[in-house]
Amino acid sequence: MSSKMFRYMGKRLILAIVTILIIIALTFVVMHAVPSSPFNKEKALPPAIKAALEAKYGLDKPLGQQFINYLANIMRFDFGDSIYYQGNTVLSLLQTGLKTSARLGLTAAGIALLVGILLGSLAALGRDTIGDKVIQVLTTALVAVPSFVLALIMLWVFGVWWPVLPTRGDIPMGSIMPTIALALYPTAYVTRLTRSSMLDVLGQDYIRTAYAKGLDRSMVLFKHALRNALTPVITYAGPMIAYIVCGSFVVEQIFSMAGLGKYFVNSIQNSDYTMIMGTTVLLSIVMISLNFICDILYTIVDKRVDLS
């Protein structure tokens, strides 16, 4: 690996860390600017008990001191205790929810990439054919529909009207519908992205030169054309996975899955500051890390990228 690559990775890593710190600071300030309190229930707590609870969770200290303490705790991977889920740490709840959300999100992302690249390549190779037009119509329709709407449609069709799949995501085969609901939009987008990029690559001079040299069609398409056509897909892969994980929050709720969505929605409803902060920090780390990995892959796939 060249020194330029190391410098490039170092710059991207520093930028990623600074971005995470900014997100933590903004989320912290916004959360403490909200007038509601996790201890303001229907039945008011006695002042002494409320003061004791605020002292337990460090909410009695000045805002600046709270932020410094929170950053110090994060460095030790300590996100504190959940206020709503008493007796549980935020980290343990995040680990529990992330198992479901990550499995669901990564499966949907894998389907979106594989199916999207395959359909996009087929559409480009069969440009202006009936198959190409059908793929374009379907992908245009799917791009316009949010994942939670698709989830509701699938829930009614395959769970009520034609009950062939379970409607709860926490039982065997229950993850089929939520996975498909999350995968359809990114699949459509990757298909359109691959088709557009593939058509552009197939019109380049080096492709015509490869054919002129007598190279096999499959070698030209998969070794030369597809590799360069995947560059924008790789760029999109990081945000796509983050979008799927975040979008799974609503879908998880629809199918009653015990993922991050369950804890995040309940924490917002109950003003669970520590859980909201922990979930936000985790998602920001996931998203920025994925973008960092995609940036590195981008430079490996496309040697023309300027590393300066």
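**Close-up views of a predicted model**

By the rule used here, a side-chain nitrogen of Lys or Arg within 4 Å of a carboxyl oxygen of Asp or Glu, the count comes to one salt bridge. This is a predicted model, where local features need pLDDT of at least 70, side-chain atom pairs count only at pLDDT 80 or more, and totals for chains, interfaces and linings use all residues. Residues are numbered from 1 along each chain as its sequence is written, and side-chain values use heavy atoms, with hydrogens and water left out.

**View A. The salt bridge between Asp132 and Arg195.** The closest N and O atoms of Asp132 and Arg195 are 2.8 Å apart. Asp132 sits in helix α5 (residues 130-143) and Arg195 in helix α7, so the pair ties together parts 63 residues apart in sequence. Both Asp132 and Arg195 are buried (under 20% relative accessible area, 1.4 Å probe, protein chains only).

**View B. Glu252, buried without a salt bridge.** Look for Glu252 in helix α10 (residues 231-254). Its nearest side chain of opposite charge, Arg103, is 8.8 Å away. Beyond neighbours within four places in sequence, Glu252 has contacts (heavy atoms within 4.5 Å) that include Ser101, Leu104 and Lys262.

**View C. A nonpolar patch on the surface.** Here you can find Trp156, Val160, Trp161, Trp162 and Val164, with about 630 Å² of accessible area together (Shrake-Rupley method, 1.4 Å probe). Patch residues have over 30% relative accessible area and no salt bridge, with nonpolar side chains joined within 5 Å. Val164 belongs to the loop between α6 (147-161) and α7 (176-202). With a relative accessible area of 43%, Val164 is partly exposed (between the buried limit of 20% and the exposed limit of 50%).

Conventions. Patch = residues over 30% accessible without salt bridge, like charges linked within 9 Å, V, L, I, M, F, W, Y side chains within 5 Å. Helix = DSSP H or I, 4+ residues; strand = E, 2+ residues; numbered from the N terminus. Lys, Arg positive; Asp, Glu negative; His and termini not counted.
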